Amino acid sequence: MNIFALRRQPWLNNVVIFILRMSRDIKLLVDKDKFTQNIVLLVVCAGSMMSPLTMSSVNIAMPVMAAELRADASLISWLPTIFLVSNVALMLPFGKLADNIGRKRIYMSGLIVTAIASCGAAMATSIEGILFCRFVQGGASAMTLGTGVAMITSVYPTNKRGMAIGINSACIYIGLTIAPVLGGIVTELFGWRWVFAMPAPIALILVTLIAIFVKGDWRKEQQLPFDWQGTVIFGAGTTLFVIALTELPQWDYVLMLLAALMLIGLFIWHQSAIAQPLIRWQMFTQSRQYSCSLAAAFFMYASLYPLVFLLSLYLQYIHQLSPSDTGKIILMQGVAMAILAPLSGRLSDSIQPRKIATIGCLVVASGFLMLAQLDMNTTPFYIGSSLFLIGIGMGLFTSPNNNAVLSAVHSKDLGVAAATMNLARVMGNVIGMSVVNLLINTHLGDKQIIPQYYGALETTISAAIMISLLYVLVGTIMSALRGKAEYQ
């Protein structure tokens, strides 16, 4: 058919135009850089949604699990905390290893370990066995959370980094949103063991996707010596620190806390004395943007992490709500965070992160002021409204704050910077949850939570909320003092 015949066939002409347009779109799709950016963002965001399933969904299943295993309040309170112990101890070492031997390699290894530990927790027959698997899960999370953000930052240019980080943050909050509801539904329909097993198939699917589609590994050209000595000192110090905080004010744990502080001090000295440390302390002293952003993250997450745990107990014990109904109320926080995180991340590419993040801190403070009025008669609607306000504030804070941290360092230090960013968050989680454990030990001890102790439970929750409000106020000051962002 010649060109003149083609002109006489309008339908055939339209088909040709459609094919040409499709060819152009396919060419854009297979553009190497854009394809790598999209697939890395897809995989890391899916992994970020999986992490809350590993952490938050378990909180909803705790009362049912505690009853079946006859576990006391003290052991149950360790379920969120022991995850954080290994997470804190291994975050920096895995961040350094990711820079040295490859971020993709560490990320994939973390997903595989997550799948194994999740299956182990689901099959455990005692609370001690579950706690061990949670410890392993925490270490696996240290391998994925920091390296995932570093992978995103490695493939996105500076002017698009905030939006990508915001999308990833939104996926974390979507995971936080669905985790309580999903945990409650799964607990009621299939039993609490399936809540522990949920992350396993997701992790294996993500490993397959990375192996097939992600070709880069983003590591330093020259592999540098790894600081094993510093790793041991840091791990021992942080582990003792967390354990000591949960059992204060007993004198033997006071001594353990002093030993932990000495080890942490030794770690700081060791890092400044060797040529290839886990972390260069100059990163803190040379950039106020970097150090103040990390400090703000520490205090904001110290306030946030215990909240789902505390309100899950409050709603299920004091208001006698089902796990699924409890999850629906708690998801209000995650909904607001998921809506705001991408928007605030995109804004932080053109507006100074300090301004957006500090406004977010103030909104979070107003939410905690509402929760500070909590008593035995506080309605679930009021609690949901307070959580929604806190979620709005955290959605405004997190993405700009993360963008400020990663924009303050050189590209060769992205793995360590992402690790310290997550370390600040997790250390905030540890401090926040350890203080809650201390309050529980003081007011409830090893008693099972039955109606005659509901008053003590409410007193514990109210005290924890007031302490969280104090954290938020300090975080607001740190956010305001960070200075103007300087993008690398």
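Biologist: Where does Phe 190 lie, and what makes it count as exposed?

Modeller: Phe 190 lies in helix H8, a helix being a DSSP run of H or I with at least four residues, numbered from the N terminus (a strand is a run of E with at least two). Its relative accessibility is 58%. Exposed means over 50% relative accessible area, buried under 20% and partly exposed in between, with a 1.4 Å probe and protein chains only. At 58%, Phe 190 is therefore exposed. This is a predicted model, in which local features need pLDDT of at least 70 and side-chain atom pairs count only at pLDDT 80 or more, while totals for chains, interfaces and linings use all residues. Residues are numbered from 1 along each chain as its sequence is written, and side-chain values use heavy atoms, with hydrogens and water left out.

Biologist: What makes Ile 185, Leu 189, Phe 190 and Trp 194 a nonpolar patch?

Modeller: A patch takes residues with over 30% relative accessible area and no salt bridge, and joins nonpolar side chains (Val, Leu, Ile, Met, Phe, Trp, Tyr) within 5 Å, or like charges within 9 Å. A salt bridge is a side-chain nitrogen of Lys or Arg within 4 Å of a carboxyl oxygen of Asp or Glu. Ile 185, Leu 189, Phe 190 and Trp 194 form such a patch, with about 480 Å² of accessible area together; such areas come from the Shrake-Rupley method with a 1.4 Å probe, and for residues only the protein chains shown count as cover. Helix H8 (residues 158–190) gives the most to the patch, with three residues.

Biologist: Why is Ser 118 called buried?

Modeller: Ser 118 has a relative accessible area of 0%, so it falls on the buried side of the cut-off. Its place is in helix H6 (residues 103–123).

Biologist: What does the side chain of Ser 118 reach, and which residues is Ser 118 in contact with?

Modeller: It reaches the backbone oxygen of Thr 114 at 2.7 Å. Leaving aside neighbours within four places in sequence, Ser 118 is in contact (heavy atoms within 4.5 Å) with Gln 137, Phe 196, Ala 197, Pro 199 and Ala 200.

Biologist: How many aromatic pairs are there, and what makes the pair of Phe 234 and Phe 267 tilted?

Modeller: The count comes to four. Phe 234 and Phe 267 are 4.8 Å centre to centre with 45° between the planes. Rings of Phe, Tyr and Trp (its six-membered ring) pair if their centres lie within 6.5 Å; planes under 30 degrees apart are stacked, over 60 edge-to-face, and the rest tilted. The pair of Phe 234 and Phe 267 is therefore tilted. Because Phe 234 lies in helix H11 (residues 228–247) and Phe 267 in helix H12 (residues 251–273), the pair ties together parts that are 33 residues apart in sequence. Both Phe 234 and Phe 267 are buried.

Biologist: Which kind of aromatic pair do Phe 298 and Phe 299 form?

Modeller: Phe 298 and Phe 299 form an edge-to-face pair, at 5.0 Å centre to centre and 85° between the planes.

Biologist: Why do Phe 298 and Phe 299 count as partly exposed?

Modeller: Phe 298 counts as partly exposed because its relative accessibility is 23%, and Phe 299 because its relative accessible area is 21%.

Biologist: Are Gln 316 and Gln 320 buried or exposed?

Modeller: Gln 316, in helix H14 (residues 288–318), has 9% relative accessibility and so counts as buried. Not counting residues up to four places away in sequence, Gln 316 touches residues including Ile 60, Pro 63 and Leu 321. Gln 320, in the loop between H14 and helix H15 (323–347), has 56% and so counts as exposed. Gln 320 also has a positive phi of about 55° although it is not a glycine.

Biologist: What makes His 443 partly exposed, and which residues does it touch?

Modeller: His 443 has a relative accessible area of 31%, so it is partly exposed. His 443 is in helix H18 (residues 414–443). Not counting residues up to four places away in sequence, His 443 touches Ala 456, Thr 459 and Thr 460. His 443 and Glu 458 are 15 residues apart in sequence and 9.9 Å apart in space, C-alpha to C-alpha.

Biologist: What do the totals for the protein chain come to?

Modeller: The protein chain has 19 helices and zero strands, and 58% of its 488 residues count as buried.

Note on methods. Polar contact = N/O pair within 3.5 Å; in protein donor to acceptor, adjacent residues only side chain to side chain.
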